[in-house]
Amino acid sequence: MRPLTFLTLAALASTAQADGREIDYRVNDEAFTGYFAPADESPRGTVLIVHDWDGLTDYERRRAEMLAEQGYDAFALDLYGQGNRPVETDAKKAETAKLYQDRERMRELTLAGLAEARAQGAATPTVVMGYCFGGAVALELARSGAAEDVHGYATFHGGLATPEGQGYGPDTPPILIAHGGADEAIPLEDVTSLARQLEGAGVDYEIGIYSGAPHAFTVLDTDRYRQRADERSWSAFMALLDEVLPQQ
C-alpha cells in the first residue's frame with residue numbers, strides 16, 4: 001500500500017468504491033453521526049479525525065479513506081450533532097464558539113468519538129489529528145491527558161493558542177504541528193509560543209512550516225489548496241504514524 005502516490009491516494013478516496021460507512025451514535029441522549037473507514041487488512045492502529053469548523057463533511061471522509069488505504073482504521077467524529085453542518089460563515093463561527101466557550105463539552109464529545117470508534121472495532125492504539133478548528137480540539141485533548149492509548153497528536157493549520165490555566169504535561173505523547181507560512185488567520189507568533197511551551201514541558205514535537213501556504217492549505221479542491229505543502233505535511237504525518245503506531 002505504501003508505494004501509492006499521494007495523488008493516487010486522494011483519487012482513490014474520492015471514488016464511489018470507498019469502503020467507509022456513516023455511524024450514528026449518541027452522547028448523553030444527543031444524536032451524532034461519525035464516519036468509519038476500516039483498514040482493508042489487519043490495522044496498524046487508528047486515526048481519530050476531528051473536523052474543521054464546517055462539521056464532518058466529504059473532506060474528512062476522504063481523508064479517512066486515504067488513511068484506510070494506508071493500513072489504518074480511521075474514524076471521523078462529529079462534534080456538532082446529527083444534521084448540523086453549517087454553511088454560512090457566521091453559523092460556522094457560532095458553532096465553534098459554543099465549544100471554545102465550553103471546553104469540558106469539547107473534551108467530552110471528543111472522548112465520546114474515540115469511544116465510539118473503538119466500539120465499532122477500531123484498533124485501540126490511536127493518533128488524534130484535526131484540521132483547522134479540529135487541530136485546536138486535538139491540542140485540547142492532548143493538554144487534558146484524558147485519553148487512554150493515544151500515542152500521538154497532529155494539527156494541520158489548526159488553532160495553537162493555549163487557554164489560560166492550561167498546559168502540556170511531560171507525559172504528553174508526540175505532537176506534529178503543520179502550519180502554513182502564509183497563514184493570516186494563525187500568526188507565526190502562535191507557533192513560536194507553542195514551541196516554547198512544548199520545549200519547556202519536555203514534550204516530543206515537530207513543527208513543519210510550509211512556504212507560501214495559506215490557512216486551510218490541505219483542503220482539496222479549493223483555492224487555498226497547496227499541493228506541495230499538503231504532500232509534505234502528509235508525509236510528516238505518515239512518519240509520525242510509522243513511529244508511534246509501528247507495524248506489529
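Biologist: With which residue does E140 form a salt bridge, and how far apart are the closest N and O atoms?

Modeller: Let me begin with the ground rules. This is a predicted model, in which local features need pLDDT of at least 70 and side-chain atom pairs count only at pLDDT 80 or more, while totals for chains, interfaces and linings use all residues. Residues are numbered from 1 along each chain as its sequence is written, and side-chain values use heavy atoms, with hydrogens and water left out.

Modeller: Now the general idea: side chains of opposite charge can pair when their charged atoms come close. A salt bridge here is a side-chain nitrogen of Lys or Arg within 4 Å of a carboxyl oxygen of Asp or Glu. In this model E140 pairs with R107, and their closest N and O atoms are 2.6 Å apart. The pair links distant parts of the chain, since E140 sits in helix α5 and R107 in helix α4 (residues 103-119), 33 residues apart. Helices (H or I, at least four residues) and strands (E, at least two) are DSSP runs, numbered from the N terminus.

Biologist: Which residues are linked with E140 in a network of salt bridges?

Modeller: The network joins R103, R107, E140 and R143.

Biologist: Is E140 buried or exposed?

Modeller: The general idea is a cut-off on relative accessible area: buried means under 20%, exposed over 50%, and partly exposed in between (1.4 Å probe, protein chains only). E140 counts as buried because its relative accessibility is 1%.

Biologist: How many salt bridges does the structure hold?

Modeller: There are 11. One of them joins the side chains of R44 and D242, at 3.1 Å from N to O. R44 lies in the loop between β2 (30-37) and β3, and D242 in helix α7 (residues 227-244), so this pair ties together parts that are 198 residues apart in sequence. R44 is buried at 15% relative accessibility, whereas D242 is partly exposed at 36%. In another salt bridge, R85 meets D78 at 3.3 Å, N to O. Here D78 is buried, with a relative accessible area of 0%, and R85 is partly exposed at 26%.

Biologist: What is the nearest side chain of opposite charge to D52, and how far away is it?

Modeller: For such a search, Lys and Arg count as positive and Asp and Glu as negative, while His and the chain ends are not counted. D52 is buried yet has no salt bridge, and the nearest side chain of opposite charge is K92, 7.1 Å away. D52 lies in the loop between β3 (46-50) and α2 (58-69). Not counting residues up to four places away in sequence, D52 touches E60, Y80, Y131, C132, F133 and G134, where contact means heavy atoms within 4.5 Å.

Modeller: G55 is also in the loop between β3 and α2.

Biologist: What volume does the largest pocket have?

Modeller: On a 1 Å grid over the protein atoms alone, a pocket is an open set of points where a 1.4 Å probe fits, with protein on both sides within 12 Å along at least five of seven lines; lining residues have an atom within 4 Å of a point. Grid points are joined across faces, edges and corners, and a volume is the space filled by probe spheres set on the points. The largest pocket holds about 410 Å³ of space. Of its 22 lining residues, Y100, C132, F133, G159 and H215 are the closest to the centre. The elements that give two or more residues to this lining are α3 (89-100) and α5 (133-144).

Biologist: Which residues line the second largest pocket?

Modeller: Among them are D52, A182, E184, P214, H215 and R224. The volume of the second largest pocket is about 180 Å³.

Biologist: Which residue has a positive phi of about 50° although it is not a glycine?

Modeller: That is N28, found in the loop between β1 (21-27) and β2. N28 counts as exposed, at 55% relative accessibility. H157 also has a positive phi, of about 40°, without being a glycine, but H157 is buried at 0%.
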